[in-house]
Amino acid sequence: MFVIGLIAMLGVVYFAAARDLTARSDRILHAVAERLARVPADQLPDRVRYELRRNRTGFNYLALIAGDGTPVLGNVRLLRPLVPGRPVDVESGSRGPFRLVAFRTRDGETLLVGRDISLLRDLRHTILETLIVSGLLILLCVAAAAVGFSRAPLRRVRALQRASREIAAGDFSVRMPIAGRHDELDQFANTVNATVEEVGRVVAQVKGVTDAIAHDLRTPLTRVRATLNALSHQPHDAAEVAAGIGRATADLDLVLERFAALLRISELEAGRRRAGFHRIDLALLVAQVAELYEPLAEDRGITLSVATRPLWLEGDDRLLFEALSNLVDNAIKFARAGGRVGIALTQDDRGPAIEVRDDGPGIPPEERDAVLRRFHRGVAARDVPGSGLGLSVVVAILNLHGFRLHLSDARPGLCVRIALPRSV
């Protein structure tokens, strides 16, 4: 594009300069011809002879032709008729090229005035050669500058290619190099790095889930195998067979329950339940969850308090009920005997939220992100029955609604905050 533009620019300059030079020459020819055409007819031949004798440089072509086409005098002979007032170039091998214009006099005669254009053509050739040479020099300079300026981007591109090959080989710790220039390559590298980071996170999560599934399900499946092996050696003991089948069934139910939880998380993360969204009263939903868990809290001697305020939002009441129930169940499960669990709808500078507080052992800050992952169980939950999937289900439900889950210290205990959009 640069070469095409340069050629076009030089062409425009040349043709504009040539046209201007030709136009200047034509104006001079017209001025001389008009001056001679105003001379009286009886004096015109003498005036033409006078101009020829003067032999002015550049204006040494004059002729007077009678109305019937017979040459009267002059040093120019026409081989073809000329259109009056329109200059033409005449090539003459002996005297060089000249530009000729014809004018009609008042007596019907034709006056020819010519001007030598050898210098004009030489000037055109000089301009053309100058433009060509300057254009070639510009191209060479631009090519040299382009090579110099492109070496650094090419090195960066090669570095990006090396990094992409390492990433394609499975090393998600590699990142595209960023030069800090904020140009297109940096923007591309930033985008790829964000994508690689997300892919690495997903791959690590899948690997972690796979390892957790293998570790978590190995125990119940091993017990099922041991039970079936024991029953195979005691086929005639009906009571033992029935008890063994019961134990194996319980273990398989635990396995199926965990697979069902995993499938539910995948379904929620795929966003397939948004069809059930409608306007719901969040205060009523909180009250219903508290009413459901109040008997369980009383059995453990725990005081369950509820604080609500009018709040409506778009969502799936069944899913939110499930998520909130899971949080309240955990709070009651981990609260100290005779302690307190509170559910509240709050509104502060951070916006509206649902908070579930307990006065149990809480979760250390370094474990608060880990407990949200599948199958991970905190130190305080080692001896408490559970699969480690409850909070993962809660996170999937809240992500589906566009809510965010935050864990903080309730001093003592844990505060679980569900941050709601400010627009509700």
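A cavity is a set of grid points where a 1.4 Å probe fits but cannot get out. With that in mind, here are the close-up views of this predicted model.

View 1. The chain has 424 residues, of which 38% are buried. Its secondary structure comprises 8 helices and 12 strands. Take the contacts between residues at least 6 apart in sequence: 63% of them join residues at least 24 apart. Mean pLDDT for the protein chain is 81, with 85% of residues at 70 or more.

**View 2. The largest cavity has a lining of 9 nonpolar residues.** This cavity holds about 60 Å³ of space, and the structure has 2 cavities of 30 Å³ or more. Around the space you will find Leu282, Leu285, Leu320, Ala323, Leu324, Ile354, Leu398, Phe403 and Ile418. Helix α7 gives the most to this lining, with 3 residues, while α6 and α7 each supply at least two. No polar and no charged residues take part in the lining.

**View 3. The largest nonpolar core brings together 43 residues.** Leu282, Leu327, Ile418 and Leu420 have the most contacts inside this core. Helices α6 (282-299), α7 (317-334) and α8 (390-401) each supply at least two of its residues, as do strands β9 (340-348), β10 (351-358), β11 (404-409) and β12 (414-419). Another core lies apart from it, with 14 residues that include Val32, Leu36, Leu111 and Val113. Leu282 and Ile418, listed here for their contacts, also line the largest cavity.

**View 4. Leu420 and its neighbours come into focus.** Leaving aside residues up to four places away in sequence, which residues does Leu420 touch? They are Leu282, Leu311, Leu313, Pro352, Ala353, Ile354 and Phe403.

**View 5. Ala396 sits in helix α8.** Is Ala396 buried or exposed? Its relative accessibility is 2%, and so Ala396 counts as buried, the cut-off being under 20%. Ala396 and Leu319 are 77 residues apart along the chain, and their C-alpha atoms are separated by 9.9 Å.

**View 6. The second largest cavity has 4 charged residues in its lining.** About 40 Å³ of space lies inside. The lining is made by Thr22, Asp89, Arg99, Ile117, Leu120, Arg121 and Arg124. Besides the charged residues, the classes give 2 nonpolar and 1 polar. Helix α3 (residues 118-168) gives the most, with 3 residues.

**View 7. The loop between β11 and β12 holds Arg411 and Pro412.** The peptide bond from Arg411 to Pro412 is cis, with omega near -5°. Arg411 is not a glycine, yet has a positive phi of about 50°. Because its relative accessibility is 70%, Arg411 counts as exposed.

**View 8. His182 has a positive phi of about 60°.** This residue, again not a glycine, is placed in the loop between α3 and α4 (184-232). At 70% relative accessibility, His182 counts as exposed.

View 9. Where pLDDT is low, the predicted coordinates should not be read in detail.

Notes
Residues numbered from 1 in each chain as written. Predicted model: local features only at pLDDT ≥ 70, side-chain atom pairs only at ≥ 80, totals over all residues. Heavy atoms only, no water. Core = buried A, V, L, I, M, F, W, Y, C linked by side-chain atoms within 4.5 Å. Buried < 20%, exposed > 50% of the residue type's maximum accessible area, 1.4 Å probe, protein only. Helix = DSSP H or I, 4+ residues; strand = E, 2+ residues; numbered from the N terminus. Contact = heavy atoms within 4.5 Å. pLDDT = per-residue confidence, 0-100. 1 Å grid on protein atoms, 1.4 Å probe; cavity = no way out; pocket = protein on both sides within 12 Å on 5 of 7 lines; lining within 4 Å. Points joined across faces, edges and corners; volume = space filled by probe spheres on them. Nonpolar A, V, L, I, M, F, W, Y, C, P; charged D, E, K, R; others polar.
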